[in-house]
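I am opening my notebook to write down what I looked up, entry by entry. The sequence and the model come before my notes.

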Amino acid sequence: REATTLSSIRTEEELDRAYADFNRSGNAILESSVPDVDAPGGKIQDLESATALLRSTSYRQTMLAAKTTCELLTERVAAVRQEATSDLADIDRDATENYPLLLPVALRCLLDLPQPHKHEQLHSYVLQSIRCLVELFAHASHRVYTSLDELEHHAASVYQHDFMEDDVPTPPSGACYDKSAAPLSVAQELEDSPVDGALYATNSSAETAKKDGEAFYADPLWTLLSRMRVIPCLSRIIASLHRQSQLPEEITSSICAILSMLSLRSPGAACAIAQHETLLPQLVNISLTPGASYGETKESFIVSPSVALSSLVLLCTLARQSRTVASQTEPFASIMTNLFAILGIPAENEMELAVQKSCLILWRILLRYGLAIPHLSTFISLATPHLSIKNETEFSLTADYLSAFTNVCECAKIITRSKTQSSVRLTGDQADTLAMAGAWLSPHVRKCAEFLSEQTSNYSSFSTDQSNMKLVGARLRFLLSYVAASAPTDILKLAAIEEETSGIKISGADKSSFVSVVSRRTCISSLDAVLKSGFVESSLHFVM
């Protein structure tokens with residue numbers, strides 16, 4: 001009877017009807033096909049049942065299990081965040097006994113399915129689930145967030161966006177985990193599977209799966225990197241979707257977050273990701289190319305803000321790791337034209353503004369290594385409308401541009417004071433740009449000093465809100481860096497400063513040999529206004 005019934009099925013409707021006839025007791029299909037799974041009413045209630053169904057031979061059951069796993073893990077992450085402080089970096093790792101041992105392996109196996117573009121929704125659930133597991137079990141300093149709401153509460157992101165520093169303090173990796181998962185030895189390395197380089201498709205065993213599960217919960221990022229070989233796996237998925245000219249937001253966000261966390265876990269992983277032949281170029285091409293297709297939705301912004309933000313977070317995280325990573329031509333050198341296009345149009349909402357700020361953070365990071373200097377003139381042209389405004393507007397990038405220009409001045413200062421050191425070498429374009437940087441930035445530094453003095457002169461009405469404090473800090477740092485780069489080292493010895501009740505008096509002639517763009521009187525007046533405005537006290541109160 002069963003054979004006759006199965007042979008007569010031609011459509012999904014006939015399949016559903018046959019299952020309904022076979023299960024007249026009202027039990028769900030999941031209960032009859034997988035007896036060990038408790039699924040009352042056809043709904044999976046726990047991770048144990050979902051993990052069992054992730055290995056089902058029925059694609060529909062696997063899809064249901066992946067969706068349920070994603071939802072359950074997302075709820076757990078949200079609950080842990082809510083119980084923690086406002087700083088997401090303070091989340092403690094969750095208890096391992098509350099999670100099935102084989103769950104990470106079952107999820108990783110599903111990424112090896114052939115023809116990834118046919119399993120887009122399944123991979124979306126799986127990648128989001130893996131990301132949630134990593135967030136729950138990775139060390140706080142290795143977590144990365146890619147959505148706007150998360151960035152506003154994450155310590156490392158706040159440090160970069162509000163304090164305008166890119167050297168984010170983090171503990172050494174050896175101090176983050178009690179027991180790290182050891183990488184596979186040569187004897188343990190698995191041969192490539194016939195299924196397009198898949199890891200678990202053929203050469204796997206129950207014992208290996210258990211060991212990989214234990215290793216994942218002990219050190220998820222190192223296990224993904226070494227034992228589960230997730231980098232080539234993600235590259236295969238991106239390549240498949242790149243051929244389809246689309247990269248869904250959930251997949252992009254999850255992949256970028258996972259790759260970012262891997263790069264924080266190991267500098268070698270950051271190099272491997274950056275030097276991969278297709279991984280980053282294809283990701284950048286589909287997420288940061290102006291006018292690229294993003295599924296069925298049409299974006300009013302030049303790129304999809306959510307997709308672009310995830311990619312920029314990844315690029316910034318990679319570039320922070322080492323100069324070797326940041327100096328890769330693909331994508332860091334070739335992405336500049338994309339950044340110009342994104343910065344060339346005004347932002348209309350917070351998400352678009354976050355994308356533009358991330359573009360400037362990426363350039364600022366590259367400048368720390370002396371890279372991307374020849375693009376200064378283009379960035380100055382883009383910055384002019386923002387720098388000509390005295391007060392911060394809703395979608396202004398003034399502070400972000402000034403923080404990047406501060407790094408340019410720091411580069412010039414280092415080169416100027418390292419003329420006798422053969423280790424400092426410049427290309428022709430870098431030398432020409434730095435030679436002209438002082439002249440190009442001179443009108444902005446004069447306006448910066450003028451605005452700074454006006455902005456802080458009225459002490460009683462000085463605003464201590466976050467945006468104003470950031471703007472004053474950025475202007476103060478830019479002024480200091482410019483003067484330090486253009487002045488001789490003994491500039492403060494050239495004139496004596498006398499304070500009087502009626503104001504500030506500078507005695508002594510101007511004997512310096514450099515061309516003074518901003519007079520010492522203006523600099524001292526600006527510093528005096530800042531000190532009296534309460535800016536320093538408010539800053540100390542904010543960070544204490």
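**Ground rules**

I note that this is a predicted model, in which local features need pLDDT of at least 70 and side-chain atom pairs count only at pLDDT 80 or more, while totals for chains, interfaces and linings use all residues. Residues are numbered from 1 along each chain as its sequence is written, and side-chain values use heavy atoms, with hydrogens and water left out.

**Helix H12**

I took helices as DSSP runs (H or I, at least four residues), numbered from the N terminus. The 14 residues of H12 should span 20 Å, and the end C-alpha atoms are 20 Å apart, which agrees.

Next I asked how many residues of H12 are buried. I call a residue buried under 20% relative accessible area, exposed over 50%, and partly exposed in between, with a 1.4 Å probe and protein chains only. The count is 11 of 14, so H12 is largely enclosed by the rest of the structure. Among the buried residues are Val-230, Cys-233, Arg-236 and Leu-241.

I then looked for what they pack against, taking contact as heavy atoms within 4.5 Å. The partners of the buried residues of H12 include helix H6 (103-110), helix H7 (120-137) and helix H13 (249-265). After H12 comes Ser-245, whose phi is positive, near 60°.

**Helix H22**

I repeated the length check on helix H22, residues 398-416: its 19 residues should span 27 Å, and its end C-alpha atoms are 27 Å apart, which agrees. In H22, 15 of the 19 residues are buried, so this helix is largely enclosed by the rest of the structure.

**Cysteines**

I searched for disulfides, meaning pairs of cysteine sulfur atoms within 2.5 Å, and the count came to zero.

**Salt bridges**

Side chains of opposite charge can pair when their charged atoms come close. My cut-off for a salt bridge is a side-chain nitrogen of Lys or Arg within 4 Å of a carboxyl oxygen of Asp or Glu. How many salt bridges does the structure hold? I found eight.

In one of them, Asp-219 meets Arg-265 with 2.6 Å from N to O. This pair links distant parts of the chain, since Asp-219 sits in the loop between helix H10 (206-218) and H11, Arg-265 sits in helix H13, and they are 46 residues apart. Both Asp-219 and Arg-265 are buried.

Asp-112 also pairs with Arg-108, the closest N and O atoms being 2.8 Å apart, and both of these residues are buried.

Within helix H22, Lys-413 and Glu-410 meet at 3.1 Å, N to O; they are three residues apart, about one turn of the helix. Glu-410 is partly exposed, with a relative accessible area of 26%. I also noted that salt bridges with shared partners join Arg-108, Asp-112 and Arg-236 into one network.

**Aromatic rings**

I paired rings of Phe, Tyr and Trp (its six-membered ring) if their centres lie within 6.5 Å, calling planes under 30 degrees apart stacked, over 60 edge-to-face and the rest tilted. The count comes to 11 aromatic pairs. Phe-216 and Tyr-217 are edge-to-face, at 5.9 Å centre to centre and 85° between the planes. Phe-216 is buried at 2% relative accessible area, and Tyr-217 is buried at 6%.

Trp-363 and Phe-379, by contrast, are stacked, at 3.7 Å centre to centre and 10° between the planes. They link distant parts of the chain, with Trp-363 in helix H20 (residues 350-368) and Phe-379 in helix H21 (residues 376-387), 16 residues apart. Both rings belong to buried residues, and both residues are part of one aromatic cluster that also includes Phe-340, Tyr-401 and Phe-478.

**Glu-352**

My last entry concerns Glu-352, which lies in helix H20 and counts as buried at 3% relative accessibility. Leaving aside neighbours within four places in sequence, I found Glu-352 in contact with Ser-300, Phe-301, Pro-305, Pro-346 and Ala-347.

How values were computed:
Helix = DSSP H or I, 4+ residues; strand = E, 2+ residues; numbered from the N terminus. Expected span 1.5 Å × (residues − 1).
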